[in-house]
Amino acid sequence: MARQANVANNQKAKADTRKKQASSPKAKNAQKAKNPRAEKEREEPKIFDDTTRRDIRGVVFAILAIVLFVAAVMPSDAVVTSFISNALHLCLGVGAYILPFVLLIIGGTYLIRFERAKVPLRVSIGLVMIFIAILTILALFTPQATANPNALFQPDQLAARGGYIGAGIAWAGLTLFGQVVSCIIMAGVIFA
C-alpha cells in the first residue's frame, strides 16, 4: 500500500513540474519559436472581420442585381451593356428579368444577421434550384417541343422562354422522360 501511495505521489509531483515548466516564460518563448506564423496571425489585426466580409458580399450581390436588371430592361448601344443584355436573354430567356430579383434576395440574406452562418449559402442554393427549375418549366412548354425537342433551341423561343439553360435541361427531360414527368421532376426540385 505504501509503495502504491509513493508511486501516486511521484506521478503527481511530475505532473505539477510539467505544468510549471509549460507556464514558464521560457516554455512560452519556445512555443512561439516553434510556430511564429500562428503567433504573428494572432497579433496582427484583420482588415475585414467575418461580419464585414458578409456585408461586402451582400452589397456586391445587390449592385450586380441592379446592373443586370438595368441591362435586361433598358438595353443600350454601349458595347458591354448590349453584350450583357443579349447574353442574358439568350442564356436565361424570361429569366433575365427574374435573375436580378434572385440576386437581390441572396444579397439581402448576407446583410441580415442570422444565428447560423450557413443560412445565406443554403438560401442561395435553394433560390438557384428554384430559378433553374422555373427556366426549365418555361422551356418545357415551348410549342411543338414534344414533337421536336430541337424546337427548344430556336432563337425566338430561347428569348421568350427559358433560354439556353432552360432549353438544355428541358431537352434532356423531353428526350429521357417526356413533358409531364419532366414537369413533375421540376416541381419536385422547386419544393425541395
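This is a predicted model: local features need pLDDT of at least 70, side-chain atom pairs count only at pLDDT 80 or more; totals for chains, interfaces and linings use all residues.
1. Which residues of α5 and α6 meet? From α5 come Leu-88, His-89 and Leu-92, and from α6 come Gly-95, Ala-96, Tyr-97 and Leu-99. Sorted by class, the contact of α5 with α6 has five nonpolar and two polar residues, with no charged residues.

2. Now take α6 by itself. This helix covers residues 95–111, 17 residues in total, and spans 24 Å from its first C-alpha to its last, close to the 24 Å expected at 1.5 Å a residue.

3. Have a look at the buried residues of α6, among them Leu-99, Pro-100, Val-102, Leu-103 and Ile-106. Gly-95 and Ala-96, which meet α5, are buried too. The buried residues of α6 pack against α4 (50–73), α5 (79–92) and α7 (119–140).

4. From α7 you can move on to α9 (residues 163–176): α7 and α9 pack at an angle of about 65 degrees, with axes 8 Å apart. These two helices are therefore roughly perpendicular to each other, and their crossing is right-handed.

5. At this second pairing, Ile-132, Leu-135, Thr-136, Ala-139 and Leu-140 in α7 meet residues of α9 including Ile-165, Gly-166, Ile-169 and Leu-174. By class, the contact of α7 with α9 has nine nonpolar residues, two polar ones and no charged ones.

How values were computed:
Residues are numbered from 1 along each chain as its sequence is written. Side-chain values use heavy atoms; hydrogens and water are left out. Helices (H or I, at least four residues) and strands (E, at least two) are DSSP runs, numbered from the N terminus. The expected span of a helix is 1.5 Å times one less than its number of residues. Buried means under 20% relative accessible area, exposed over 50%, partly exposed in between (1.4 Å probe, protein chains only). Contact means heavy atoms within 4.5 Å. Ala, Val, Leu, Ile, Met, Phe, Trp, Tyr, Cys and Pro count as nonpolar, Asp, Glu, Lys and Arg as charged, and the others, Gly among them, as polar. Axes are lines fitted to C-alpha atoms, for helices over the stretch in contact, and angles run from 0 to 180 degrees between N-to-C directions. Angles under 35 degrees count as roughly parallel, over 145 as roughly antiparallel, 65 to 115 as roughly perpendicular and the rest as oblique. A crossing is left-handed if the near helix is turned anticlockwise from the far one by less than a right angle, and right-handed if clockwise.
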